[in-house]
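Please read these notes with the coordinates open.

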Amino acid sequence: MSKSFLSNKGVPFIFAGWWLVWTFLQWNILLKFGISETEAIVDSYLSNIFLGLSCLLIINNMRYYLPKKEKYWYVLTVSLVLSFVWVIVLKLLLGIIFKNDTAYLNILSQSTTLRFGFGFLMIGCISTVSLLWFTQQDFIQTENQKRAVEQLAKDAELFKLRQQLHPHFLFNSLNSISALIVSQPEKARHMVQQLSDFLRGTLKKEEHVLNSLNEELQHLQLYLDIEKVRFGHRLNTVIQVEESARLLQVPALLLQPAVENAIKFGLYDVIGAVTITIHATIQGNSLQIEITNPFDEHTSQTAGGTGFGLASIKRRLFLIFGRADLLTTTAHNHIFTATILIPQKNESTYY
Amino acid sequence: MKALIIDDEPLARSIIKEYLTQHPGIEIIQECNDGFEGVKAIMQHQPDLIFLDIQMPKINGFEMLELIEQPPAVIFTTAFEEYAIKAFEAHAVDYLLKPFGKERFDKAIQKWMETKEKSANNTRQLIDAVVASTGQQNRIVVRENGKIKIIPLADIHYLEAADDYVKIYTTEGYFLKNKTMSSFENSLPKDLFVRTHRSFIVNIQMITRLDPYEKETYLAVLSTGKKIPVSKTGYLKLKEVLGI
């Protein structure tokens with residue numbers, strides 16, 4: 001249930017003031033018809049107090065019940081009925097109070113139609129304003145709910161995209177550790193350390209927080225070190241980062257999946273040694289990260305497509321920055337390049 | 001007993017070697033880094049048993065097995081591959097999920113010893129079952145004159161049955177593959193390849209027109225000029241895919 005606009009600060013005073021003004025005007029007009037001052041005051045006060053009460057009744061009524069269909073007919077009918085009742089009650093009441101004053105009763109009788117018209121306009125106006133106000137409240141409320149639901153869905157999706165840390169990676173790393181335990185226990189222990197640090201980093205990061213590139217590179221290095229234990233004989237990485245770009249911001253855990261994707265396609269698409277390059281530069285207002293891997297145009301399992309890894313990165317970039325053009329890929333001379341642009345802002349979080 | 005280890009990770013191979021030292025009857029004749037080396041080594045040594053990883057460079061473990069006419073018994077060693085588990089259970093000697101321990105490994109070896117005779121026959125069925133359960137393929141791997149060739153689907157014109165083989169016609173001529181028409185029909189993308197006839201599967205992007213032939217049958221004319229027979233049921237399937 002929405003609050004009435006009367007509960008807004010200052011509005012009750014305006015409402016009361018409004019009726020005082022009309023009371024004053026009515027009093028002045030009545031005086032011109034040559035009735036006594038007491039009669040004019042009692043008449044105008046009673047009229048406007050009752051009219052004000054009628055309006056309050058309508059406003060309050062609308063708090064609980066807002067017609068969905070034919071709302072204008074509703075306003076019209078209610079205004080007609082209420083103003084009619086108002087005139088009758090007023091006439092009876094004033095007729096009893098001043099029952100001996102024929103001159104006044106005469107004027108009261110003559111002004112009935114006019115009073116009815118005035119009451120109808122007043123009640124109609126106020127109830128229309130009230131109706132519009134409540135309709136708008138309703139709209140804002142639905143809108144807020146919709147936004148909350150969308151936000152929840154977005155968070156869930158981001159979470160899911162981030163969760164796609166490949167179980168393959170985990171199980172294969174554990175297998176490597178298992179192999180090292182007997183032959184090189186020191187190295188096995190070191191790898192357990194690296195894997196734990198990497199997993200901890202993955203778990204603690206919030207998906208829509210921006211981290212410095214430097215921080216993300218450290219996390220990436222852990223990943224690369226582990227992959228090198230597995231594929232050391234084949235995997236080379238070259239990381240070039242413009243010094244001033246190190247403090248720029250990137251969404252948490254965006255870089256590592258992009259590199260993981262490059263490594264996966266590099267290693268599984270080519271026989272022999274594979275070099276992955278990561279190149280970070282500042283381009284105007286954005287941080288640009290280029291990741292390249294060798295691939296075979298003819299036999300690539302993804303047939304030139306971006307593969308699932310990049311599709312999910314693209315989706316994440318879209319959810320965070322609202323732009324679909326931040327990830328581009330090119331492929332020629334057996335080199336696949338994924339270019340990620342990250343617009344720089346000063347806030348630490350978006351939304 | 002001769003065994004072969006095919007895995008692209010040296011550490012993964014070393015753990016199998018380590019476990020095998022307890023089984024003096026099994027000799028490791030070679031270690032292979034990828035499917036290409038694997039095919040060569042299998043041809044050369046005719047091993048009794050192979051330990052095979054699935055995710056490997058260029059061609060995966062299943063594709064490698066497809067290239068061998070009489071595949072040996074296979075124990076898969078793989079990280080979690082949910083989709084293939086059912087097929088493994090039905091037809092592989094065993095599958096070891098990485099990382100696996102010594103006891104589990106010994107059990108797999110024991111299982112192989114017990115079922116040695118029939119396990120090699122099962123490998124062929126296994127491949128078909130895996131292909132069926134993993135869904136559509138996006139390329140076909142063939143072997144010709146000792147060389148392995150990967151054919152992207154877009155390069156295929158049509159497939160024709162030829163006894164126990166299927167002839168795969170491409171821009172560069174045809175390749176033979178020891179597989180059934182129905183397994184191709186199941187594994188090729190249904191919106192691109194249609195089995196127009198008992199003995200033909202056509203890449204619909206190659207079709208330029210359909211000519212009426214004898215009662216209710218047609219001939220599909222490919223952009224190369226080749227005419228492919230279309231049966232009555234084949235025509236119905238074509239109509240559905242082409243939306244005519």
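Is B:E216 buried or exposed, and how many C-beta neighbours does B:E216 have inside 10 Å?

1. The model is predicted. B:E216 counts as exposed, because it has 12 C-beta neighbours inside 10 Å. The cut-off for exposed is 12 or fewer. The residue sits in the loop between β13 (207–212) and β14 (218–222) of chain B. Its phi is positive, about 65°, although B:E216 is not a glycine.

2. B:K58, another loop residue. B:K58 is not a glycine either, and has a positive phi of about 65°. Its loop runs between β3 (49–52) and α3 (61–66) of chain B. Here the burial class is buried, because B:K58 has 21 C-beta neighbours inside 10 Å. The threshold for buried is 20 or more.

3. A cis peptide in chain B. Check the bond from B:K98 to B:P99. The model makes it cis, with omega near -10°. B:P99 belongs to the loop between β5 (94–97) and α5 (102–114) of chain B.

4. The β6–β7 hairpin of chain B. Strand β6 (residues 139–144) of chain B runs antiparallel to β7(B), and six bridges join the two. One pair to look at is B:R143, which stands opposite B:I148 in β7(B). Two residues lie between the strands of this hairpin. In the hairpin, B:N145 takes a positive phi near 50°.

5. The contact between the chains. On the B side, 20 residues are in contact with 23 residues of chain A. Two elements of chain B, α1 (10–20) and β7 (147–152), each supply at least two residues of that side. The largest share comes from α1(B), with six residues. By class, the B side holds eleven nonpolar, three polar and six charged residues.

6. Overall make-up of the chains. Chain A has ten helices and seven strands. Chain B has eight helices and 15 strands. Of the 351 residues of chain A, 29% count as buried. For the 244 residues of chain B, the figure is 39%. Take the contacts with a separation of 6 or more. In chain A, 76% of them join residues 24 or more positions apart. In chain B, 55% of them do.

7. Confidence in chain A. The mean pLDDT of chain A is 85, and 90% of the residues score at least 70. Strand β4 (residues 274–283) of chain A is where confidence is highest, at a mean of 95. Helix α10 (residues 307–321) of chain A is where it is lowest, at 80. Treat residues 347–351 of chain A separately. Their pLDDT stays under 50, and the model has eight contacts for them beyond four places in sequence.

8. The five-stranded sheet of chain A. This sheet is open, with mixed pairing and the order β2-β4-β5-β7-β6. Its edge strands are β2 (235–241) and β6 (327–332) of chain A, each pairing on one side only. Neighbouring strands are turned by 15° against each other on average, direction ignored. Within the sheet, strand β5 (residues 286–294) of chain A and strand β7 (residues 335–343) of chain A run antiparallel, joined by nine bridges. A:I291 has A:A338 in β7(A) as its bridge partner.

9. Helices on that sheet. α8(A) lies across β2, β4 and β5 of chain A, and runs at about 165° to β2(A). Helix α9 (residues 255–269) of chain A also packs on the sheet, where it touches β2, β4, β5 and β7 of chain A. The direction of α9(A) makes about 20° with that of β5(A). Helix α8 (residues 213–231) of chain A has 19 residues. It reaches 25 Å from first C-alpha to last, close to the 27 Å expected at 1.5 Å a residue. Its buried residues include A:L220, A:Y223, A:I226 and A:F231, and the charged A:E216, A:E227 and A:R230 are among them too.

10. A:T135 in chain A. A:T135 is part of helix α5 (residues 112–163) of chain A. It counts as partly exposed, because it has 16 C-beta neighbours inside 10 Å. A:T135 and A:M62 are 73 residues apart in sequence, and their C-alpha atoms are 9.8 Å apart in space.

How values were computed
Residues are numbered from 1 along each chain as its sequence is written. Chains are lettered from A and ligands numbered from 1 in the order in which they are written. This is a predicted model: local features need pLDDT of at least 70, side-chain atom pairs count only at pLDDT 80 or more; totals for chains, interfaces and linings use all residues. Two residues are in contact if their C-beta atoms, placed from the backbone, lie within 7 Å. Helices (H or I, at least four residues) and strands (E, at least two) are DSSP runs, numbered from the N terminus. pLDDT is the predictor's confidence in each residue, from 0 to 100. The expected span of a helix is 1.5 Å times one less than its number of residues. Two strands pair if DSSP finds at least two bridges between them. Axes are lines fitted to C-alpha atoms, for helices over the stretch in contact, and angles run from 0 to 180 degrees between N-to-C directions.
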